[in-house]
Amino acid sequence: MNYPNFVKIIDVGARDGLQNEKQTVPSDVKIELINGLIDAGVRKLEATSFVSPKWVPQMADNDTVLNGIVKRDDVVYSVLTPNMKGFDAALAHRDQFANYEVVIFGSASEAFSQKNINCSIAESIERFAPVADAAKAHGIKVRGVISCTVGCPYEGDISPDKVAYVTEKLVAIGAQHIGIADTIGVGTPIKVQKALDAALRYIDIDNISGHFHDTYGQALSNTLAALQMGVWQFDTSVAGLGGCPYAKGATGSVATEDVVYLLHGMGIETGIDLDKLVDVGQKISAFLGRQDGSKVATAILNKRKSLTVS
Ligand code: HMG
Ligand code: MG
């Protein structure tokens with residue numbers, strides 16, 4: 001088996017992780033989270049969303065968060081922009097970042113598209129097209145993410161052909177990268193490989209990433225299955241934070257700590273300092289008043305405790 005030497009982690013904790021939180025997380029806490037991730041070696045992250053504050057109130061402080069975080073030329077900062085209103089607001093921050101990326105997010109499921117972004121798949125492509133054009137005109141990279149690529153909370157199983165269809169549309173309007181999301185974490189390795197294979201009909205392996213939620217505890221297996229196909233970019237969430245407000249019951253993306261441990265154990269580099277990352281995850285989990293969602297973090301924290309005691 002040929003594994004890559006390096007895997008790029010995109011930490012989505014500050015966006016996917018926090019968007020679902022009922023309590024308002026202060027901007028300072030978000031800024032500290034993002035700065036902590038960067039300090040731990042994360043070089044690509046989703047910082048916030050430019051979506052309707054009525055739909056996702058937690059992301060309403062997007063300007064404050066982007067203004068407050070550490071800016072480094074070697075970090076890629078991504079923000080979600082579902083339409084031109086979101087893009088125009090995101091554009092105001094363009095000059096603050098050497099590497100700025102906007103994310104257009106569609107769905108392989110009609111029902112989920114309606115629930116999440118209030119339009120059909122076809123309408124979403126029409127809304128994304130000017131965003132992709134404007135981003136290109138401003139030299140901003142465009143990433144497309146496709147939700148529900150294996151299963152949908154409303155429609156059940158999703159056929160790989162639907163993933164291929166949406167990939168083709170997103171690539172045609174200018175998405176340079178495609179994320180394959182298992183929004184509700186129902187996927188298992190072969191199903192996830194079929195979804196990735198379908199997308200690979202229209203995008204090459206170096207421009208595809210996996211975004212696997214861990215609701216059914218399958219996300220690490222799915223990550224390994226994707227790695228075996230040559231995928232080397234993964235969205236992960238520190239402390240396993242998160243979920244999607246429009247996918248009830250779905251838990252967060254696979255914990256960054258768990259993926260980093262898996263990769264380092266396989267001799268694959270990530271550039272991330274796992275100990276520092278565990279501290280970042282622990283801090284935000286403590287703020288939210290919950291158990292750290294990463295098994296690896298929990299094990300490392302327990303080990304640290306036992307070393308202090310003995
Ligand atoms: P809409 O209501 O259909 O939009 O929302 P509209 O164009 O009809 O406008 C209605 C109102 O919203 C207007 O305000 C607009 O100005 C405002 P009003 O005149 O009523 O005061 N509006 C906006 N305000 C701020 N920023 C904007 C914006 N657009 C319109 N960009 C919209 C359409 C997409 C905006 C809405 O449905 C929405 O915000 N949905 C939330 C989407 C979201 O953030 N979902 C979670 C992230 S996706 C995810 O988690 C999945 C992912 O992780 C992958 C996976 O796991 O599957 C990426
Ligand atoms: Mg997600």
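**Notebook: a look around the chain**

I started with charge: the chain carries 29 positive and 35 negative side chains, and the centres of the two sets lie 3 Å apart. A reminder to myself before going further: this is a predicted model.

**Overall form**

Next I looked up the secondary structure, and I found 12 helices and 10 strands in the chain. I then checked the extent of the C-alpha trace, which spans about 60 × 45 × 35 Å along its principal axes.

How does the radius of gyration of the chain agree with that of a compact globule? For 310 residues a compact globule would come out near 19 Å, and the chain has 18 Å, so the two agree.

I also wanted to know how far apart in sequence the contacting residues are. Among contacts with a separation of 6 or more, 75% join residues 24 or more positions apart.

**Surface and interior**

On the inside, 55% of the 310 residues count as buried.

Which residues have the most contacts inside the largest nonpolar core? I wrote down Ile-69, Tyr-100, Leu-170 and Ile-180, in a core of 97 residues. Helix α6, residues 121-137, gives the most to this core, with 7 residues.

Leaving aside neighbours within four places in sequence, I found Ile-180 in contact with Ile-146, Thr-149 and Val-163, among others. The list for Ile-180 goes on with Ala-195, Leu-196 and Ala-199, and it also includes the run Ile-208, Ser-209, Gly-210, His-211 and Phe-212.

My last stop was the backbone.

Asn-118 is not a glycine, yet its phi is positive at about 65°. I placed Asn-118 in the loop between α5 (110-117) and α6. With a relative accessible area of 47%, Asn-118 is partly exposed.

Ala-239 also has a positive phi, near 60°, in a residue other than glycine. I located Ala-239 in the loop between β10 (233-236) and α10 (256-265).

Key. Residues numbered from 1 in each chain as written. Chains lettered and ligands numbered in written order. Predicted model: local features only at pLDDT ≥ 70, side-chain atom pairs only at ≥ 80, totals over all residues. Heavy atoms only, no water. Helix = DSSP H or I, 4+ residues; strand = E, 2+ residues; numbered from the N terminus. Rg over C-alpha atoms; globule rule 2.2 N^0.38 Å. Buried < 20%, exposed > 50% of the residue type's maximum accessible area, 1.4 Å probe, protein only. Contact = heavy atoms within 4.5 Å. Lys, Arg positive; Asp, Glu negative; His and termini not counted. Charge placed at Lys NZ, Arg CZ, Asp CG, Glu CD. Core = buried A, V, L, I, M, F, W, Y, C linked by side-chain atoms within 4.5 Å.
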